[in-house]
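Visitor: Please take a single part of this model and go through its packing closely. I would like the cut-offs stated along with the values.

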Amino acid sequence: MILPQLSSAVSVGALTGWMLVLTLKHVFADFYLQNAWMAIGKDKKTGWALPLFAHCAVHLVLTTAIMLILAPRFWFIGLIDCAIHLAIDRAKGFSVATFNITSESRWFWWLIGTDQALHHLTSFALAVVLAANP
């Protein structure tokens, strides 16, 4: 079973370990390995697809590599992480482009905060699944 029962015990050590690994992956993919072309391009009104797909491909490669090394039977988690990341970033980019939101607006920073919170919740959900299925 992939999803644990609510009453099941999930190892705190495994959950913490997976959260650390997935958080580090997120920091690298979203900040160190994301260039200006990706960050700015994915929020444009037109021409957003290639920068967004390039950025999400970084997440796909890193997450898949981690899974192949630490939990090979969950190789497909990279595809799930990539798809969710794409949906979250597209929603943010669509909002920025549609409502002409700039970094001077408080709404921009609310969107960034919401975007990051959703990414971390994704990592948490994936960590729960991975910790529950050692």
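Guide: A residue is called buried under 20% relative accessible area, exposed over 50%, and partly exposed in between, using a 1.4 Å probe and protein chains only. The model is a predicted one, in which local features need pLDDT of at least 70 and side-chain atom pairs count only at pLDDT 80 or more, while totals for chains, interfaces and linings use all residues. Residues are numbered from 1 along each chain as its sequence is written, and side-chain values use heavy atoms, with hydrogens and water left out.

The setting comes before the part itself. The protein has five helices and zero strands, in the order α-α-α-α-α from the N terminus. Helices (H or I, at least four residues) and strands (E, at least two) are DSSP runs, numbered from the N terminus. Along the principal axes, the C-alpha atoms fill a box of roughly 45 × 25 × 25 Å. Buried residues make up 38% of the 134 residues. A contact means heavy atoms within 4.5 Å. Among contacts between residues at least 6 apart in sequence, 70% join residues at least 24 apart.

The part to examine is helix α5 and what surrounds it. Two packed helices are described by the angle between their axes and the distance between the axes. For helix α1 (residues 12–32) and helix α5 (residues 106–132), that angle is about 140° and the axes are 9 Å apart. The axes are lines fitted to C-alpha atoms, for helices over the stretch in contact, and angles run from 0 to 180 degrees between N-to-C directions. The crossing of α1 and α5 is right-handed. A crossing counts as left-handed if the near helix is turned anticlockwise from the far one by less than a right angle, and as right-handed if clockwise.

On the α1 side of this contact, the residues include Trp18, Leu22, His26 and Phe31; on the α5 side they include Asp115, His119, Phe124 and Leu126. By class, the contact has twelve nonpolar, six polar and two charged residues. Here Ala, Val, Leu, Ile, Met, Phe, Trp, Tyr, Cys and Pro are nonpolar, Asp, Glu, Lys and Arg are charged, and the others, Gly among them, are polar.

Leu126 is buried because its relative accessibility is 9%. Apart from residues up to four places away in sequence, Leu126 touches Leu22, Ile77, Ile80 and Asp81. Leu126 and Asp81 are 45 residues apart in sequence, and their C-alpha atoms are 8.3 Å apart. Thr122 also lies in α5. At 11% relative accessibility, Thr122 is buried; with the same exclusion of residues up to four places away, its contacts are Asp81, Ile84 and Ile88.

Helix α4 (residues 77–98) holds Asp89, which is buried at 1% relative accessibility. Most residues other than glycine have a negative phi. Asn100, which is not a glycine, has a positive phi of about 50°. Its relative accessible area is 59%, so Asn100 counts as exposed.

Some points lie around this part. Leu24 of α1 is exposed at 54% relative accessibility. Helix α3 (residues 49–70) includes Ala57, which is partly exposed at 30%. The C-alpha atoms of Ala57 and Ala83, 26 residues apart along the chain, are separated by 9.7 Å.

A search of the whole structure finds zero disulfides, a disulfide being a pair of cysteine sulfur atoms within 2.5 Å. The cysteine sulfur closest to that of Cys56 belongs to Cys82 and is 5.1 Å away, which is too far for a bond. Cys56 is buried at 0% relative accessibility, and Cys82 is buried with a relative accessible area of 14%.

Finally, the UniProt record, an unreviewed entry, places the annotation "transmembrane region" on residues 6–28 and 48–71. UniProt positions are given in the numbering used here, feature names are shortened, and annotations may be inferred rather than shown by experiment. In the model, residues 48–71 are 92% helix and 0% strand, and the end C-alpha atoms of that span lie 33 Å apart.
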